[in-house]
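Colleague: I should like to learn how to read the surroundings of a ligand and the packing of helices. May I ask you to take me through them in order?

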Amino acid sequence: MTTKAHEIRLKSRPVGLPVAENFELAETALAAPGQGEVLVRNLWMSVDPYMRGRMYDRQSYVPPFQIGEALQGGAIGRVEQSNNPDFKPGDLVESMNGWRDTFVSVGGALQKLPTENVPPQAYLGVLGMPGLTAYSGLARIGEPKAGETVFVSGAAGAVGAIVCQIAKLRGCKVVASAGTDAKLAWLKSVGVDEVVNYKTCGNLLEAVRKTAPQGIDIYFDNVGGEHLEVALEVARPHARFIECGMISAYNDTEVKPGPRNMIYVVGKSIKMQGFIVMNYWDMRDQFRAEMIQWIKDGKIKWEETVENGIANAPKAFLALFSGGNTGKMLVKLD
Ligand SMILES: NC(=O)c1ccc[n+]([C@@H]2O[C@H](COP(=O)([O-])OP(=O)(O)OC[C@H]3O[C@@H](n4cnc5c(N)ncnc54)[C@H](OP(=O)(O)O)[C@@H]3O)[C@@H](O)[C@H]2O)c1
């Protein structure tokens, strides 16, 4: 017996900003799970900016998506049928089999969700990859100390919003940049000290300087481009730059010149380090334990932006590039 399934495939490689026509929804028929296999119905799937990189036909830290094949991404699903003793129907599992509503898998590729009292989709956001990115990047590269000033770009997104709150918990002053006043109001509501709307402030350098007259000790970079130049300009000696992402450049059709003021890295003895969250996977248990406690204590809050139905997954992905999400961008499946 087969099961009907749906998946989003890459139809063509985007040139510049992706468009809906780069994706297609396809129906497939899944064979019944064999020995050791389980059939999973996805409940939630994650859409992430890094996926844009996988749409180029070039080698990177993850292989490129192939035209005509289903995309991949984080997902939370429920086991519906199981021929694997480690799983039973009803179990909630995490996988990288997003961008489809149903799949068959050998159990080894699945992780059972812990039974904490949080909504399951939190494991795609605050308790998942974006949360670990924020936690580990800030800790390992930023090494924040109480009283220091942390500048965060993309601050109202899945990663940025958690960075801001962890930095506050570590006793830092936080200056946050995001693209709408509603996002800034939310950031203020969770304790961020100073906020800048980079779209309406007129002069980003002046705006950041005004909010951090003493300069910044840490820059958590989600955006690159002008934000990075501004951060270099206002950095204090021995500042740490956490190069997490550069979303402003993900759709560039040619390589742009880097920051014009890189020379400050030398004179200000700046440490600038890029990272991939997988580098710090060893922190995952420590991260989850501390984050769960913060959540229970009401010290960390998060937002979600939800599109419904697999057909709307490309729309959710495209919205990442126009600031359509506050907090974690998710797709809820029927
Ligand atoms: N290194 C790693 O392992 C790792 C892991 C996860 C994520 N990342 C990176 O971290 C960054 C944030 O990821 P996320 O999942 O938390 O995404 P996100 O911040 O939730 O979503 C993307 C946000 O970026 C902002 N943005 C889009 N285009 C922009 C531009 N041209 N200039 C400035 N801001 C822009 C938008 O907010 P506004 O309204 O503020 O414009 C948008 O909502 C991305 O660069 C991502 O690639 C890296």
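Modeller: Let us begin with residue classes. Ala, Val, Leu, Ile, Met, Phe, Trp, Tyr, Cys and Pro count as nonpolar, Asp, Glu, Lys and Arg as charged, and the others, Gly among them, as polar. Please bear in mind that this is a predicted model.

Colleague: By class, how many residues of the shell around the ligand are nonpolar, polar and charged?

Modeller: The shell around the ligand holds 16 nonpolar residues, 11 polar ones and 2 charged ones.

Colleague: Which of the 29 residues around the ligand come nearest?

Modeller: G157, V159, G179, G245 and G323 come nearest to the ligand.

Colleague: Which helices each supply at least two residues of the shell?

Modeller: At least two residues of the shell come from each of α2 (129-142) and α3 (158-169). The largest share is that of α3, with 3 residues.

Colleague: Why does the ligand shell lie between domain 1 and domain 2?

Modeller: Both domain 1 (2-125 + 302-332) and domain 2 (129-279) give residues to the shell around the ligand, so it lies between them.

Colleague: How is the packing of two helices to be read?

Modeller: Two packed helices are described by the angle between their axes and by the distance between those axes. Here, α2 and α3 pack at an angle of about 45 degrees, and their axes are 8 Å apart. That makes α2 oblique to α3. The crossing in which α2 passes α3 is right-handed.

Colleague: At what angle do helix α5 and helix α6 pack, and how far apart are their axes?

Modeller: Helix α5 (residues 204-211) packs against helix α6 (residues 225-234) at an angle of about 45 degrees, with axes 10 Å apart. Accordingly, α5 is oblique to α6. Helix α5 passes α6 in a right-handed crossing.

Colleague: How should confidence be read?

Modeller: Where pLDDT is low, the predicted coordinates should not be read in detail. In this protein the mean pLDDT is 97, and 100% of the residues reach 70 or more.

Terms used: Residues are numbered from 1 along each chain as its sequence is written. This is a predicted model: local features need pLDDT of at least 70, side-chain atom pairs count only at pLDDT 80 or more; totals for chains, interfaces and linings use all residues. A residue is near a molecule or strand if its C-beta atom, placed from the backbone, lies within 6 Å of it. Helices (H or I, at least four residues) and strands (E, at least two) are DSSP runs, numbered from the N terminus. Domain bounds come from an automatic or database domain assignment. pLDDT is the predictor's confidence in each residue, from 0 to 100. Axes are lines fitted to C-alpha atoms, for helices over the stretch in contact, and angles run from 0 to 180 degrees between N-to-C directions. Angles under 35 degrees count as roughly parallel, over 145 as roughly antiparallel, 65 to 115 as roughly perpendicular and the rest as oblique. A crossing is left-handed if the near helix is turned anticlockwise from the far one by less than a right angle, and right-handed if clockwise.
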